[in-house]
Amino acid sequence: MVLMPYDFYQCYEDISVLKENYPSMLRLMDYFAGWVNEDGTMEQHYQPHNDMTYWCNLGEWCTPTESRPSNALVHTYFYWLCAKRMASIAGLLGDKEAEQHFATLEERTRKAFHHRFYDAENKTYGPAGSNLFAYEMKPEESIEEALRRDLQESRNHLFTGIFGTKLFFNVLADAGLSDQALEAFLQRDFPSFGHWIEQGATTTWEQWDGQNSHNHPMFGCCWDVGHGNCHGVDQYKSIMEMGDGLMAVHIHDNVHGFDAHVQPFCGNTNYDAIINGLVDGGFKGCFTLESYSLPVPRSFCNCNRQRFLQKGPEFDRLSMLPIEFKMRSEILMLDIVRYMLQTYNCYDD
């Protein structure tokens, strides 16, 4: 809501995108303020009624190992970045009071970040790209040596997830580590972009190790139609505005704002708006399903189906369907998608 409109403005110098979104940006920053701790750092404290808690508290994601920066560190970095961008946006729009407010918030958050996360004894902000986030925030202590150690430990490979990777090359170049950044970019073994290519990848994958989706631009731009539906956005307009920047789409459905990832037409997503946007926008990528087939896993976050155990496990017979139903459900789901594309004459095997 804050970062993307500002990036669009930087690319196209169209200030209307800032004017149109400014009231929502202000409301979002007010909402974020409710996540801020007494020490000025930011953490998500959302406690939903189901297992969405884990997903609503994510920080860094899809790192090549189990090591990640702390969620609070990543949240605080983005709170600082949003405050920094808001100060610039308010200035561009002539809102001097808000410009000063967000400039003060930016500096306060920067200091809180360094106070909480800097390990003075080991001269680091933490593992798996933590120092990249810190470098962007102009640390009061030099951390170039910490960046060198991070590279040595990773054997000059990428060690970041979807957020840290965006910072990886620019930060290293700015820190005087251009040669190491280039070496990491040219690696052909795990984890690296070259490792994907060696395995035949022609799209970006979801995970560095090749797990899960093989058309999932976690490190690029993707339009998730279910998430768009959850937030009530104009899907056609959004897809058209992305234009050539759209690398992939994720197709699923939901209803009442729950990110359910159910089959298309099991919810209230407007697929005419989506397909027309893709056709009119000249999208040439893959139409990727990211939806559950039946039966939905019992532990799925928005299902939370309880088991009947009062009379013993032998009476818990309907908590899951046989695998044959799942196979038939997946065939039906593919037939539905084929129908959607054929209806608009854009189906290609």
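How many salt bridges does a search of the whole structure find? The search turns up eight, and several of them get their own view below. Keep in mind throughout that this is a predicted model.

**Figure 1. The whole chain, for orientation.** The chain has 349 residues, and buried ones make up 45% of them. Take the contacts between residues at least 6 apart in sequence, and 63% of these join residues at least 24 apart. The accessible surface is about 19400 Å², with 53% of that belonging to carbon and sulfur atoms.

**Figure 2. Glu43 and Arg116 meet in a salt bridge.** The N to O distance here is 3.2 Å. What about exposure? Glu43 has 25% relative accessibility, so it counts as partly exposed. Arg116 is partly exposed too, at 35%.

Figure 3. Lys111 is partly exposed at 46% relative accessibility, and Glu107 is partly exposed at 31%.

Figure 4. Because the two residues are three apart in H14, about one helical turn separates Arg338 from Asp335. Arg338 counts as partly exposed, with 30% relative accessibility, and Asp335 is also partly exposed, with a relative accessible area of 40%. Back in the previous view, shared partners matter: salt bridges join Glu107, Arg110 and Lys111 into one network.

**Figure 5. Glu99, another residue of helix H5.** Glu99 is placed in H5 and is partly exposed, its relative accessible area being 27%. Which residues does Glu99 contact, leaving aside its neighbours within four places in sequence? They are Ala87, Ala90 and Gly91. As for Arg85, its C-alpha is 9.7 Å from that of Glu99, and the two residues are 14 apart in sequence.

**Figure 6. The second largest pocket.** About 490 Å³ of space lies in this pocket. Its lining has 17 residues, and the closest to the centre are Gly285, Phe287, Leu341, Cys346 and Asp348. Helix H13 (271–280) and helix H14 (323–343) each supply at least two lining residues. H14 provides the largest share, with four. Sort the lining by class and you get 11 nonpolar, two polar and four charged residues.

**Figure 7. The largest cavity.** A search of the whole structure finds one cavity of 30 Å³ or more, and the volume of the largest cavity is about 30 Å³. Which residues line the largest cavity? The list runs Ile239, Gly243, Leu246, Gly277, Leu278, Gly281 and Phe283. By class, that lining has four nonpolar and three polar residues, with no charged ones.

**Figure 8. A cis peptide bond from Phe190 to Pro191.** Omega for this bond is near -10°. Look for Pro191 in the loop between helix H9 (178–186) and helix H10 (193–198).

Figure 9. Ala128 has phi near 55°, a positive value in a residue other than glycine. Its place is in the loop between H5 and helix H6 (130–136). Lys138, in the loop between H6 and helix H7 (144–153), likewise has phi near 55°. Is each residue buried or exposed? Ala128 has 11% relative accessibility, which means that it counts as buried, the cut-off for that class being under 20%. Lys138, at 62%, counts as exposed, a class that takes residues over 50%.

Conventions. Residues numbered from 1 in each chain as written. Predicted model: local features only at pLDDT ≥ 70, side-chain atom pairs only at ≥ 80, totals over all residues. Heavy atoms only, no water. 1 Å grid on protein atoms, 1.4 Å probe; cavity = no way out; pocket = protein on both sides within 12 Å on 5 of 7 lines; lining within 4 Å. Points joined across faces, edges and corners; volume = space filled by probe spheres on them. Nonpolar A, V, L, I, M, F, W, Y, C, P; charged D, E, K, R; others polar. Salt bridge = Lys/Arg side-chain N within 4 Å of Asp/Glu carboxyl O. Buried < 20%, exposed > 50% of the residue type's maximum accessible area, 1.4 Å probe, protein only. Contact = heavy atoms within 4.5 Å. Areas by Shrake-Rupley, 256 points an atom, 1.4 Å probe, with all protein chains shown as cover.
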